Amino acid sequence: MKLPILTTLTAALLSTTALADEIWVTNEKDDTISVIDIETMEVVRTIETGERPRGITFSKDYSVVYICASDSDAVQVMDPETGEILYDLPSGEDPEQFVLHPDNRHLYIANEDDAITTVVDTETRTVVAQIDVGIEPEGMAVSPDGKIAITTSETTNMAHWIDTETQTLFANTLVDSRPRHAEFVKDGSELWVSAEIGGTISVFDVATQTEKAKIDFEIDNIHPDRVQPVGFEFTNGDTHAFVALGPSNHVAVVNAETYEVEEYILVGRRVWHLEFNRDRSQLFTTNGVSGDVTVVDVESRKALKSIKVGRFPWGAAFRPTE
Amino acid sequence: MRHALIAMRAIVLREALRFVHQRERFIAALVRPLVWLLVFAAGFRAALGLSISPPYQTYITYETYIVPGLCGMILLFNGMQSSLSLVYDREMGSMRLLLTAPLSRTWLLFSKLLGSTIISILQVYAFLLAAWLFDITLPPLGYLTVLPALVLGGLMLGALGLALSSFIKQLENFAGVMNFVIFPMFFLSSALYPLWKMAESSELLHDICAANPFTHVVELIRFALYVEWNGMAFFWSALATAAFMALAVWGYDPARGMMTRKG
C-alpha cells in the first residue's frame, strides 16, 4: 500500500522540480557548475566540468550548454538534462568568454592567451576563422542582426568590430583601461563596453562607431580603485542596466536613457557576472570571493538572499525547464 | 479587581502624561538612536558586507545591522529613565503616596513597569518610522511581529530599572547607573557588532557579550523584525525579566528590602 503512495509522492516531487527554472553558475576554482532552482533558491545539482569553467551559454533551444573550460583549452558541450559532456569543440587556447551568433550555429570565442578571436561552427565542429585582435581578448558580443561581432581586449584597451560576413575587423575603438564585457542594446543601435580598471562604461553609437556617452561610478565610503565594472545586463525594454562592480561588492542600477546611476545594491564579494530569471523580475549575481550568488529583486532593487555555490563563481546562464 | 485596574490606568496615564509633558525627552529619545544610525553607522557602511548570519539572508549594510540594537537602546535608556523618575518620586514624596495605596506593591510596580514599557514601544516605533524614511526598511510583517519582542524587552529593562531604583538613594547617583549599567550593557552586547565579530577579537569578550541579557533582547528583536523566532533569545530574555522583576519586588519590600535601610 505504501509503495504506490511513495511513487505518487516522488512523481509529484519530480514534476515540481521539473517545473522550476534554473540558473547555471560556473565555479572557476571548483571545476563545477552549480544549478540553482529559482523557485526554492537552492542549489539542486552540482555538475563536474573541465578545468576552470568561466563563460557559459545555452543554445537557443536550450538543448545543449556551451562551457568555456579555460584551462582545458576547450569549449565543452554538455547535455543539460544528464550533465554529461557530449564533446569538446575546438576553441583555440584559453577560451574565456564567448557569444553564440543569432544563427544558433557559430560561436565567437575570445582566446585570452593568443590575442585572437576564434569562430567555431558548432554543427561541423570546425574552426571557421581566427581573427587577430588586441592583447588578452575577453568581452564578446554579437549584434541582434548578427552582422557585427565585438571583442574587447584587456591590455590593448580596445573594442574590436568584426564584420561577421567576411570575419575581418572593420573598426577599432579605444575604451578605458581593461575592458571586460560588451553588450548590444536598444535593437543593436548602441554598444556598451565596461572597463574594469578605468571604472567606466563607454556607450557607442553602432552606426558610426563613435562614443556617445561615458558612465562613471562612485560609491560612498568605497575607494574608487575598488569600483570596477565588469558584467552588466539590461532590464525589459533596455530601460535600465544592472552593472556588477567587482570588489566594491555592489551592483549599480543605471538609467539607460540618461546614463545616470540611480542606485547601488550591496551584494557578495567581488561580483562578476549577472543573469536574469525568465521575466527579468529577479537578478542573480555571481560573487567570486564570497563564493555565492545574490538574488536581487529588480523592482524594489533590494538584495533578497545569497545562495552558497562552489568556489569562485564566474558566469551565469538562465535555463527554462518548461 | 476594579480598583486594581483603576490604579493601573492611573499609573500608566501618569507615565504617559509625564512623557508628553517632557517633549525634549521624546526628541532626545528619538535623536539618540538616529545619530547612531545616520552618523556613526554611515562611516561603517561597507564594514559588515563580509559574512551572512541569521536572520539575514544576504549581505547587509551596517545601518541595517544596528537597527535592532538601537531599538534595544531605546528600551534600555527608557527603562533607566523610568528608574530615574522613581528616585525622583521618592525624593519628592509622591512615591510614599503611591505606595500607601491599598493594593499589592507588586501590582503597583507592575503597573509602573507597564506604563514605561508602553512609552518605550511608542518611541521604538517612532524610530523605526524615521529609519524607514531614511530608506532602511524591514519586511512589512516584521513591524508587527516585533511587538511581542519589544514588550518582553521593555518589561525586562524596565524591571532592571525598577530593581536598580530601589538601590539608588539619591538622584545624583544616577550617573553611576549610566557608567556601570547602561554603557557596559549596551557596548558589551550584539547591538553594535555581531557576536562572531567579537569572537574574532577576543573569546572572553564574546563570552561576556553572550551572557549579557541585553544581547538576548537585541537578538530577539532582530529575529522578530525579520519574522523569525529565536527560542534561545526568548528563553534568556524571559528568565532575565522574571529575575529582575523578583529583584525589584524584593527591593521594594518594606520588610526585607533595601527600603528599610534607607528609612
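Guide: S24(A) pairs with strand S25 (residues 282-287) of chain A in the antiparallel sense, over four bridges. Two strands pair if DSSP finds at least two bridges between them. Strands are DSSP runs of E with at least two residues, and helices are runs of H or I with at least four, both numbered from the N terminus. This is a predicted model, in which local features need pLDDT of at least 70 and side-chain atom pairs count only at pLDDT 80 or more, while totals for chains, interfaces and linings use all residues. Residues are numbered from 1 along each chain as its sequence is written, and chains are lettered from A and ligands numbered from 1 in the order in which they are written.

Visitor: What stands opposite Val271(A)?
Guide: Asn287(A), in S25(A).

Visitor: Which order do the strands of that open sheet have?
Guide: The order is S24-S25-S26-S27 in chain A, four strands with antiparallel pairing. S24 (271-276) and S27 (302-308) of chain A are at the edges with a single partner strand each, so one side of each has no neighbour in the sheet.

Visitor: Back to Val271(A). Which residue is in contact with it?
Guide: Val251(A) is in contact with Val271(A), and also with Ile265(A), Thr285(A) and Val296(A), among others, leaving aside neighbours within four places in sequence. Contact requires the C-beta atoms, placed from the backbone, to lie within 7 Å.

Visitor: How many residues does the largest nonpolar core have?
Guide: It has 79 residues, and Val251(A) is one of those with the most contacts inside it, as are Phe98(A) and Tyr108(A). A nonpolar core is a set of buried Ala, Val, Leu, Ile, Met, Phe, Trp, Tyr and Cys residues joined through C-beta atoms within 7 Å. Buried means that 20 or more other C-beta atoms lie within 10 Å of the residue's own, again placed from the backbone. Strand S5 (residues 65-69) of chain A gives the largest share of this core, five residues. Another core, of 60 residues, lies apart from it and includes Phe77(B) and Leu155(B).

Visitor: Now chain B. How many helices and strands?
Guide: Chain B has 12 helices and zero strands. Its radius of gyration is 19 Å, close to the 18 Å that the globule rule gives for 263 residues, so chain B is as compact as a globular protein of that length. The radius is taken over C-alpha atoms, and the rule is 2.2 Å times the number of residues to the power 0.38.

Visitor: How many residues of chain B are in contact with chain A?
Guide: Eight, and they are in contact with 12 residues of chain A.

How values were computed:
A residue is buried if 20 or more other C-beta atoms lie within 10 Å of its own, exposed if 12 or fewer, and partly exposed in between; C-beta atoms are placed from the backbone. Two residues are in contact if their C-beta atoms, placed from the backbone, lie within 7 Å.
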